[in-house]
Structures are given as C-alpha cells and as structure tokens.
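Please open the model in your viewer and keep the sequence panel beside it.

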Amino acid sequence: MHELAIAQNILEIVQQSVPENQTKSVRGIRIRVGQMSGIVPDSLDFCFSAIINDTHLQRARLAIEQVPTLSQCKTCAHRFGIEDWVFTCPVCQSTNLELISGKELEIVEIELADEGDEAI
Amino acid sequence: MSVITIERKVLEKNDQLAQRNRLFFEERGIFVLNLVSSPGAGKTSILEKTFLELRGSMRAAVIEGDVQTDLDAQRVAKYGVPVVQIVTLGACHLEANLVQDAMRNLDFTGVELLFIENVGNLVCPASYDLGEQAKVVVLSTTEGDDKPLKYPSMFLNSSLLIINKIDLIPYVNCDLNRLKNNALQINPKLRIFEMSCTTGAGFPEWCNWLKKKDVSSL
C-alpha cells in the first residue's frame with residue numbers, strides 16, 4: 001500500500017548516486033526485497049514505472065530480487081526457512097530464534113548503458 | 001553496461017531521522033510508544049482512559065496521525081495533555097520527518113511519556129521507524145481472532161499487543177485463546193494486555209507497566 005512512497009525513495013537515491021549527466025543512461029536498478037518487508041514487488045514495479053515517466057530515468061527498469069525469510073534457532077542452531085509466519089524451530093520447537101534474512105529493502109546496484117550500448 | 005554498486009537501504013533517510021528523534025527522546029528520558037491498529041480498534045479511547053488513570057502521576061503528550069481532521073486531537077486535548085495533530089492528507093502511515101515536525105510544536109516540559117497514534121492501518125505503519133521505543137499493536141475482539149495471521153508483519157514488528165474490547169467477547173465471534181496463539185506464533189516475545197475501555201479491565205496493569213517505563217523487558 002505504500003509502494004508509491006518507496007518508489008519515490010528509490011528514485012531519490014538513484015538520482016543522488018548517479019552523476020547528473022549520466023541519469024539518462026540508467027537501465028537497471030537492482031533491488032533486494034525481503035519476504036517480510038511488507039512490499040509487493042509487482043506493485044512497486046508499477047509505481048516506479050509510473051513516476052519515472054517525466055524524468056531522465058525513464059528507461060530504467062527495476063530488477064527485484066525477493067529474499068526468503070531465513071532463521072536460525074538459538075537453542076539448537078538449526079537453520080531453516082520460515083513458512084506461513086510460524087516462528088518456531090521445526091526441530092526443537094524453541095521460539096528463541098534469530099532472523100537471518102527477510103526484512104531487506106535495499107538498492108544493490110545501478111546499471112548504466114555505455115555510449116556504445118546507446119546505438120543498439 | 002557499467003555498474004554502480006551502492007548497497008543502500010531504501011528507507012535510510014527515514015531511519016536516520018527516526019534515530020535522531022530517538023536520541024532527542026532518550027536525552028530527555030521520554031518513553032515513546034507508537035500505537036498502530038486498524039481503524040476503529042480503539043487507540044484514541046485507550047489514550048483517553050489511560051490519561052484518566054494516570055492523572056497526577058505521570059505527564060504525557062500525544063502526536064496524533066490521521067488522514068483527515070483533528071477530531072482525535074480534540075478528544076485527547078480535553079484531558080489537559082499537550083497534543084499535536086498530523087493530517088497526512090491521504091498518506092496511509094506516519095514517517096519520521098512528520099513526527100519531527102510535530103515535535104517542534106510540542107511542549108515537552110515535564111513530559112515523561114509520548115504516544116504517537118499512527119494512522120489506522122495494519123499494513124504500512126509496520127515499515128516505518130518513527131523513533132519510538134516500541135510499537136504497540138491494538139487489536140479489538142470485534143475484528144476477529146485471525147487478524148494476526150492476515151497482517152503478520154505488524155505483529156512481528158510490535159513489542160506489545162493490546163487486545164481491546166474484551167467486554168464484547170460474549171457477543172462476537174472471537175476466541176481469545178486462539179487470538180493470542182495466532183499472535184504469539186508470529187511473535188513469541190509479544191507482551192499482551194487484555195483491556196476494555198468500557199469496563200476499565202486491564203487498565204491498572206497497563207498503567208503500572210507504563211509508569212515503570214520498562215524498556216528492557218521489551
């Protein structure tokens with residue numbers, strides 16, 4: 001539901017990270033989105049493509065990598081993927097868990113077309 | 001193709017501002033709770049009843065967040081509590097910069113406790129740190145015992161759960177034990193209070209907990 005606000009944050013960070021004369025060359029923006037980040041990838045993609053229309057970034061596309069929810073049991077050290085939001089160790093039933101991944105919402109890298117690529 | 005590696009959190013700006021808010025509160029010893037729930041769960045009623053109970057023993061302040069109107073601020077102000085209303089004009093959650101603006105307009109003299117009442121929404125406010133010590137999710141029995149399973153992120157990101165309107169349990173389709181189990185399955189560390197603004201049930205325990213400002217137990 002707040003994917004539009006998130007898309008605007010991404011746009012801002014990309015504009016800060018790429019020299020102004022190169023923003024037209026941005027083609028790809030690699031994003032890592034955790035399963036528990038509360039972000040719906042399709043919706044984020046839609047919002048992003050809507051807000052870049054009037055900017056120099058209009059040829060940029062999001063490449064969204066979804067990160068599964070992984071956890072490690074602090075009691076028996078078992079590592080496992082969380083399914084259906086059940087935060088209990090399947091081996092020893094402990095609820096004392098450490099979350100390893102799943103909450104990410106990060107920009108990893110930005111891909112720019114080189115001058116030679118532009119002709120294609 | 002050339003690649004610029006940046007590895008930046010999308011919400012870094014919000015998180016930095018939230019951290020600045022948190023430092024402001026910690027320096028002044030103000031205990032800050034971010035109240036989240038769906039619309040109508042009873043956040044404002046809980047605040048009203050809490051202020052009656054705390055009268056004379058603990059000075060509190062409130063930042064209200066709503067999409068429209070200052071109706072909630074008007075309700076809370078009747079209890080002599082400093083309050084600032086944020087009207088988001090459509091946005092479905094509060095962000096740290098809005099809270100910072102509101103803080104500038106609040107008189108924190110003698111304030112020990114600040115409630116930030118978020119926009120009624122069980123999804124988006126879960127993603128935004130405002131600088132609070134803890135998120136408190138309020139769920140009323142009329143919403144049904146399956147809500148934690150439907151909106152897990154909010155329950156995972158909260159430290160406390162207030163189950164409100166427990167006086168209505170005989171009349172609604174809500175199994176209190178099932179509700180608690182559903183919430184604890186997502187977040188086994190949740191501290192649960194069972195309350196009713198109508199009967200006053202649970203308020204002495206809740207207010208005793210507030211007075212202790214026991215952050216370490218969260």
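Helices (H or I, at least four residues) and strands (E, at least two) are DSSP runs, numbered from the N terminus. This is a predicted model, in which local features need pLDDT of at least 70 and side-chain atom pairs count only at pLDDT 80 or more, while totals for chains, interfaces and linings use all residues. Residues are numbered from 1 along each chain as its sequence is written, and chains are lettered from A and ligands numbered from 1 in the order in which they are written.

**Stop 1: confidence**

Colour the model by pLDDT, the predictor's confidence in each residue, from 0 to 100. Chain B has a mean pLDDT of 95, with 100% of its residues at 70 or more. For the complex, the predictor gives an ipTM of 0.88 and a pTM of 0.92.

**Stop 2: chain A as a whole**

Select chain A, which contains three helices and six strands. Their order along the sequence is α-β-α-β-β-β-β-β-α. Chain A is more spread out than a compact globule, because its radius of gyration (taken over C-alpha atoms) is 18 Å, well over the 14 Å that the globule rule gives for 120 residues; that rule is 2.2 Å times the number of residues to the power 0.38. Along the principal axes, the C-alpha atoms of chain A fill a box of roughly 60 × 30 × 25 Å.

A residue is buried if 20 or more other C-beta atoms lie within 10 Å of its own, exposed if 12 or fewer, and partly exposed in between, with C-beta atoms placed from the backbone. Of the 120 residues in chain A, 27% are buried.

**Stop 3**

Two strands pair if DSSP finds at least two bridges between them. Select the four strands of the open sheet ordered 2(A)-1(A)-6(A)-1(B), whose pairing is mixed. Its edge strands are strand 2 (61-67) of chain A and strand 1 of chain B, each of which pairs on one side only.

Within chain A, strand 1 (residues 26-34) runs parallel to strand 2 and is joined to it by seven bridges. Two residues are in contact if their C-beta atoms, placed from the backbone, lie within 7 Å.

Where does the sheet pass from one chain to the other? Strand 6 (residues 105-112) of chain A and strand 1 of chain B run antiparallel, joined by six bridges. Glu111(A) has Val3(B) as its bridge partner in strand 1 of chain B.

**Stop 4: the side of chain B that touches chain A**

Now show the whole contact, to which chain B gives 25 residues and chain A gives 26 residues. On chain B, the elements giving two or more residues are strand 1 (2-9), helix 6 (152-156) and helix 7 (176-186). Strand 1 of chain B provides the largest share of that side, eight residues.

**Stop 5: the hairpin of chain A**

Return to chain A and select strand 3 (residues 70-73) and strand 4 (residues 79-81), which run antiparallel and are joined by three bridges. Leu70(A) stands opposite Gly81(A) in strand 4 of chain A. The two strands form a hairpin with five residues between them, and Ala77(A) in the turn has a positive phi of about 70°. Strand 3 of chain A also pairs in the antiparallel sense with strand 5 (residues 97-101) of chain A, over four bridges.

**Stop 6: the sheet of chain B**

Finally, select the seven strands of chain B that form an open sheet in the order 4-3-5-2-6-7-8, with parallel pairing. Strand 4 (83-87) and strand 8 (191-194) of chain B each have a single partner strand at the edges, so one side of each is left without a neighbour in the sheet. Strand 6 (residues 134-140) and strand 7 (residues 160-164) of chain B are parallel and share five bridges; there, Val138(B) has Ile162(B) as its bridge partner.
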